Amino acid sequence: MFHAEINRTLTAAVNLMNTSEGLHSAQASPDQLTSIESLRKFLSSQDSELKWPTSTLDRAQVDSVRDLRDTVHQIWGAAPITTKEPVEKINTLLEGVGTRVVRTSGGEEPQFRAVPIPVSTQLADVMTAAIADALQFLVVNDETGRMRTCKGDECDAVIVDLTRNRSKLFCDFGNCANRAHVRAYRARQAALREAGRRALAGEAAEPSATLAKPSAAEKAAQINEPTSESAVAAKEFRDRMRDELMEKREKKDKKSKKKKDKKKAKK
Ligand SMILES: [Zn+2]
């Protein structure tokens, strides 16, 4: 979505936050950043292009990285950022961080880009400079709506939406997206059954109107999101219904074909 450096830093920031104790796709996830060894393991699983130094790891670095994790988590939780407080937190992380201009590898990217200069070569300072730089990039480009938490039930994993159409709503830890789809499908099936029952009972109810209504959870999600994101959620909802609607349409076509056939027969 953005340039490669920002993308990989935001991804690593998300991975860092998700080492916190929490629920990932209905599974309890313990704190995964408790020792020098676990910090080393975390770093080795990140994109090596980040070039985060691993030679100076000690307990103080573990504690500093944990502090950074907490601060970034707080900033992320405030997204989309519209108030002064999270911005001040980013500014605190940026204290002493400089900027230099480097030539990029080219391709579709601009020829040069600005990269942060950390206050030292120690791991926590390098990580702080990179992540704070990526966060300020999102703030100044009005893209903090991409800093999200998974929409799945029983999941507090953070995600960064790097898709062009802002469509990422679920984490990749388990089956959050699937579970939500199954739930939405079941809700629609229940609505369909209810509509069928009403039709049989002679109550006036338009099945398709009932069918198109979003579930309570989806409504709540829309309320909690700015307009553009609720539009995305609505789009995803519509996409999920597409198969079902196509199926309905096919049935309708068959019906109208039968009617036509009947008319033809009458003629
Ligand atoms: Zn999730």
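**Figure 1. Serine 20 is buried, at a relative accessible area of 10%.** Buried stands for under 20% relative accessible area, exposed for over 50%, and partly exposed for what lies in between (1.4 Å probe, protein chains only). The model is predicted: local features need pLDDT of at least 70 and side-chain atom pairs count only at pLDDT 80 or more, while totals for chains, interfaces and linings use all residues. Residues are numbered from 1 along each chain as its sequence is written, and side-chain values use heavy atoms, with hydrogens and water left out. Serine 20 sits in the loop between α1 (4-17) and β1 (22-24); helices (H or I, at least four residues) and strands (E, at least two) are DSSP runs, numbered from the N terminus. A polar atom of the serine 20 side chain lies 2.8 Å from the backbone oxygen of methionine 17. The side chain of serine 20 also makes a polar contact with the side chain of arginine 69, at 3.3 Å. A polar contact is a pair of N or O atoms within 3.5 Å; within protein, one must be able to donate a hydrogen and the other to accept it, and residues adjacent in sequence count only if both atoms are side-chain atoms. Beyond its neighbours within four places in sequence, serine 20 is in contact (heavy atoms within 4.5 Å) with Ser29, Pro30, Asp31, Arg69 and His73.

**Figure 2. Serine 25 and alanine 26 lie in the loop between β1 and β2 (27-29).** Serine 25 has a positive phi near 50° although the residue is not glycine. Alanine 26, likewise not a glycine, has a positive phi near 70°. Serine 25 is buried, with a relative accessible area of 7%, whereas alanine 26 counts as partly exposed at 30% relative accessibility. Serine 25 and aspartate 172 are 147 residues apart in sequence, and their C-alpha atoms are 8.6 Å apart in space. Aspartate 172 belongs to the loop between β6 and α6 (176-200) and is exposed, with a relative accessible area of 65%. Its side chain makes a polar contact with the side chain of lysine 168 (3.1 Å).

**Figure 3. Four cysteines coordinate the zinc ion.** The donors are the SG atoms of Cys150, Cys155, Cys171 and Cys176, at 2.3 to 2.4 Å. Donors are N, O and S atoms within 2.8 Å of the metal (3.2 Å for Na, K and Ca); water is not among the atoms, so sites may look incomplete. Along the chain, the spacing of the donors is C-x4-C-x15-C-x4-C. The angles subtended by the four donor atoms are 105 to 116°, which makes the arrangement tetrahedral; four donors count as tetrahedral if all angles lie between 85 and 135 degrees. Cysteine 171 counts as buried at 5% relative accessibility, and cysteine 176 is buried with a relative accessible area of 1%.

**Figure 4. The largest nonpolar core has 39 residues.** A nonpolar core is a set of buried Ala, Val, Leu, Ile, Met, Phe, Trp, Tyr and Cys residues joined through side-chain atoms within 4.5 Å. Trp52, Trp76 and Met127 touch the most other members of the largest core. At least two residues of this core come from each of α1, α2 (36-44), α3, α4, α5 and β6 (158-160). The largest share, eleven residues, is supplied by α5. Another core lies apart from this one and has nine residues, among them Cys155, Leu169, Cys171 and Ala180. Leaving out residues up to four places away in sequence, methionine 127 touches Leu16, Phe42, Leu43, Trp52, Val65 and Leu68.

**Figure 5. Helix α4 (residues 84-94) has Pro86, Ile90 and Leu93 buried.** These residues are on the same side of α4, because they cover an arc of only 55° around the axis; the arc is that of the directions from the helix axis to the C-beta atoms. Exposed residues Lys84 and Glu85 are on the face turned away from the buried side of α4. The cover over the buried residues includes α3 (59-77) and α5 (123-140). Glycine 96, which follows α4, has a positive phi near 85°.

**Figure 6. The peptide bond from alanine 79 to proline 80 is cis.** Its omega is near -5°. Proline 80 is in the loop between α3 and α4.

Methods
Four donors count as tetrahedral if all angles lie between 85 and 135 degrees; four count as square planar and six as octahedral if opposite donors are over 155 degrees apart and all others between 65 and 115; anything else is irregular.
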